[in-house]
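Here are my notes on the contacts between protein and DNA. Please read them with the model open.

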Protein chains: 2
Amino acid sequence: MISQKAKYALRALAALARADDRTPMLIADIAEQQKIPKKFLEQILLDLKHRGLVMSKRGKDGGYLLLKPAHEITFGEILRMIDGPIAPLPCLSQTAYRKCDDCLSEAECEIRHVFARVADVTREVLFSATIADTLHDKSRVAVMLAG
Amino acid sequence: MISQKAKYALRALAALARADDRTPMLIADIAEQQKIPKKFLEQILLDLKHRGLVMSKRGKDGGYLLLKPAHEITFGEILRMIDGPIAPLPCLSQTAYRKCDDCLSEAECEIRHVFARVADVTREVLFSATIADTLHDKSRVAVMLAG
DNA sequence: ACATAGTCTACCAAGCAGATAGAGTTTACG
DNA sequence: CGTAAACTCTATCTGCTTGGTAGACTATGT
């Protein structure tokens, strides 16, 4: 299961992507639209800002804006930021590799091979899906109905 | 990341699968072989017993035995037992479905589609991998070298 | 100056992970 | 029998993470 926080982050980015990309969107508006506790969302957006995904403007007419186009923000990178490694074992993480304490040798590890495949397939999905994929729900439905 | 407990469970089952399937294997031996804290392993094996995966014998010459052939025990079922649902969102779980509290409607949920694909591909891997796949490490290496 | 809106740091309650402790029960065997 | 070997069960513990809340602070527009 992914954390609630990661879910909030993805949905907040989706909200920003759906909005006009010139006029900033208020934290309060995102929070209300997405049913996210406002104070919690503040922290999340601040974090995303520090990592360079969004920018903010203070004071009147302030708010948040996406800094990159939605199709360049992958689910994988957001999950990695918020929840940490994608891999199911520390010894399979690309970004935070760590030897398993109790594992004698990686070559002989009984379970490593299977989880390596899990890591591969989930990375494949998560890094090809972007925030842009969250848009156009209605048109997507229309396409499905048409198809 | 999967829990330490799930890792222990899988490795304990691997140890049992590798052993003679007539003479029971001691908790203490599994623990030592796999570097698992013995008292913790006791709980894990007891749990696996209650769920019908292994059987035990008490007293002298006691120990644990696999109750099903190794190729019929999937990684998926073990992970589900120990760590809970495979799906990354409660609303995508097959065995413990729960509506997301904060999600207005599943049809419109911005992130559900992507995670549904994640759930699909990981289930595919986890339910086709079995404890039998953990065996014959050496022969597997040999095959790889030969191939 | 004043309202608006983001920024930052601290704090907190509940739950979970990863064990450890120890008393109890069953079995084999002499 | 009695005793040692093993599994069984329940309780407990420590530290960390999750999912928030609180509140003071700072920048901005008019």
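1. Terms for residue classes come before the counts. Ala, Val, Leu, Ile, Met, Phe, Trp, Tyr, Cys and Pro count as nonpolar; Asp, Glu, Lys and Arg count as charged; the others, Gly among them, count as polar. By these classes, the surface near DNA strand D has eight nonpolar, nine polar and 11 charged residues. A residue is near a strand if one of its heavy atoms lies within 4 Å of it.

2. This is a predicted model, in which local features need pLDDT of at least 70, side-chain atom pairs count only at pLDDT 80 or more, and totals for chains, interfaces and linings use all residues. Residues are numbered from 1 along each chain as its sequence is written, chains are lettered from A and ligands numbered from 1 in the order in which they are written, and side-chain values use heavy atoms, with hydrogens and water left out.

3. Strand D, elements. Helices (H or I, at least four residues) and strands (E, at least two) are DSSP runs, numbered from the N terminus. Chain A brings helix 1 (4-18) and helix 3 (38-50), while chain B brings helix 3 (38-50), strand 1 (54-57) and strand 2 (63-66); each supplies at least two residues. Helix 3 of chain B gives the most, with six residues.

4. A polar side-chain atom of Lys49(B) lies 2.4 Å from a phosphate oxygen. Gln4(A) places a backbone N or O atom 3.2 Å from a phosphate oxygen. A polar backbone atom of Gly59(B) is 3.1 Å from a sugar or linking oxygen.

5. Of the 28 residues around DNA strand C, Lys49(A), Ser56(A), Tyr64(A), Lys39(B) and Gln43(B) come nearest. The nearby residues divide into seven nonpolar, nine polar and 12 charged. Helix 3 of chain A gives the most, with six residues.

6. A side-chain N or O atom of Gln43(B) is 2.3 Å from a base oxygen. Tyr8(B) has a polar side-chain atom 2.9 Å from a phosphate oxygen.

Note on methods:
A polar contact is a pair of N or O atoms within 3.5 Å; within protein, one must be able to donate a hydrogen and the other to accept it, and residues adjacent in sequence count only if both atoms are side-chain atoms.
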